[in-house]
Amino acid sequence: MLDRRHFLAAALAAPSIATSPARAADWPGQPVRLIVPFAPGGATDVIGRLLATRLSEIWGQQVVVDNLPGADANIGSEVAAKAAPDGYTMAVMSVPLAVNRFLYASLSYDPVADFAPVSLLVMQPNIIAVSNVLPVRSVGDFIAHAKANAGKLRYASSGNGTSLHLCGELFKRLAGVEIIHVPYQGAGPAIGDLIPGRVDVMFDNVSSIQPHVKSGSVRGLAVTTARRILATPDLPTIAEAGVPGFDVSSWFALYVPAKTPPEIIARINRDSAAALQHASVKPRLEELGSEIVGSTPEALAAHLAAEMDKWGPVIRDAKIRID
């Protein structure tokens, strides 16, 4: 896989390729840029790189991962939204695409109008995990303990407005408990304080927290999805453990700039679905606790709308704003 410096050199050297319907069959004729609006090493980056490697093999052209972190994914999202709609820029998006319009007073891009959906790639559940210091062993225990200690328990997240923060706010809303949010600069430092009990509970992505649950350094209580998952079959769902209607997943989806030719979108959709099922990709995603989806563009558009409908009221009620 090329790095960004080599990608730019290749792109400058490559001839301009028209992407009208008549020429869509020739696409791709040069390297393709895959924007990941987060730093290397996180779940979005891992998923993007697995996909990029396999698509490079399918297309015979390098798919170059370009990490553009910052401002809760707004920096990378803006670059992707304003890129030429020629099929040579794609982006792996996640929950911030649905929630940032509610968190920020204004955005420099429109999360719906400026993007064309390609495919909902994978879903990943979160796990509610507590410090071993806390005297609870189930979601019911935790709710009872939180109600008996209203306003005293602290839940950690990877930062204000992140999916982990919002997951905690939805839990508070549906379970009727008052727990205090403690934001960190990333999930790693938050887990570091959860283990010794400096914070009490955390809703974290399965790929991040599961190693600590398995080692016994924290206690997993339940998964946040509506169904149990293969990665943690012994953990109940929060819904079945006493909070009906609770269903939260981190999700990762493939988008291109609006007005990208539909023939190219169809090609990317077909090939990305095949890539997700490949032997070099599928087992690794499943190890991370991912549920492979590979949807149609229409299904992804509906999913984004549903996520906005879910999180908008939660953000407004909790009065979460980012300046």
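Of the 323 residues of the protein chain, 54% are classed as buried (under 20% relative accessible area, with exposed meaning over 50% and partly exposed in between, for a 1.4 Å probe and protein chains only). The model is a predicted one, in which local features require pLDDT of at least 70 and side-chain atom pairs are counted only at pLDDT 80 or more, whereas totals for chains, interfaces and linings use all residues. Residues are numbered from 1 along each chain as its sequence is written, and side-chain values rest on heavy atoms, with hydrogens and water left out.

The accessible surface of the protein chain amounts to about 13400 Å², of which carbon and sulfur atoms supply 55% (Shrake-Rupley method, 1.4 Å probe).

Eleven helices and ten strands make up the secondary structure of the protein chain (DSSP runs of H or I with at least four residues, and of E with at least two, numbered from the N terminus). The radius of gyration is 20 Å, close to the 20 Å that the globule rule gives for 323 residues, so the chain is as compact as a globular protein of that length (C-alpha atoms; 2.2 Å times the number of residues to the power 0.38). Along the principal axes, the C-alpha atoms fill a box of roughly 65 × 40 × 35 Å. Among contacts with a separation of 6 or more, 77% join residues 24 or more positions apart (heavy atoms within 4.5 Å).

Eight aromatic pairs are present in the structure (ring centres of Phe, Tyr or the six-membered ring of Trp within 6.5 Å; planes under 30 degrees apart are stacked, over 60 edge-to-face and the rest tilted). The ring centres of Tyr 155 and Phe 203 are 6.3 Å apart with planes at 85°, so this pair is edge-to-face. Tyr 155 belongs to strand 5 (residues 154-157) and Phe 203 to strand 7 (residues 201-205), so the pair ties together parts that are 48 residues apart in sequence. Tyr 155 is buried at 0% relative accessibility, and Phe 203 is buried at 0%.

Phe 171 and Phe 246 form an edge-to-face pair, with 6.1 Å centre to centre and 75° between the planes. This pair links distant parts of the chain, 75 residues apart: Phe 171 lies in helix 6 (residues 163-175), and Phe 246 in the loop between strand 8 (218-223) and strand 9 (249-257). Both Phe 171 and Phe 246 are buried. Ring pairs join Phe 142, Tyr 155, Phe 171, Phe 203 and Phe 246 into a cluster.
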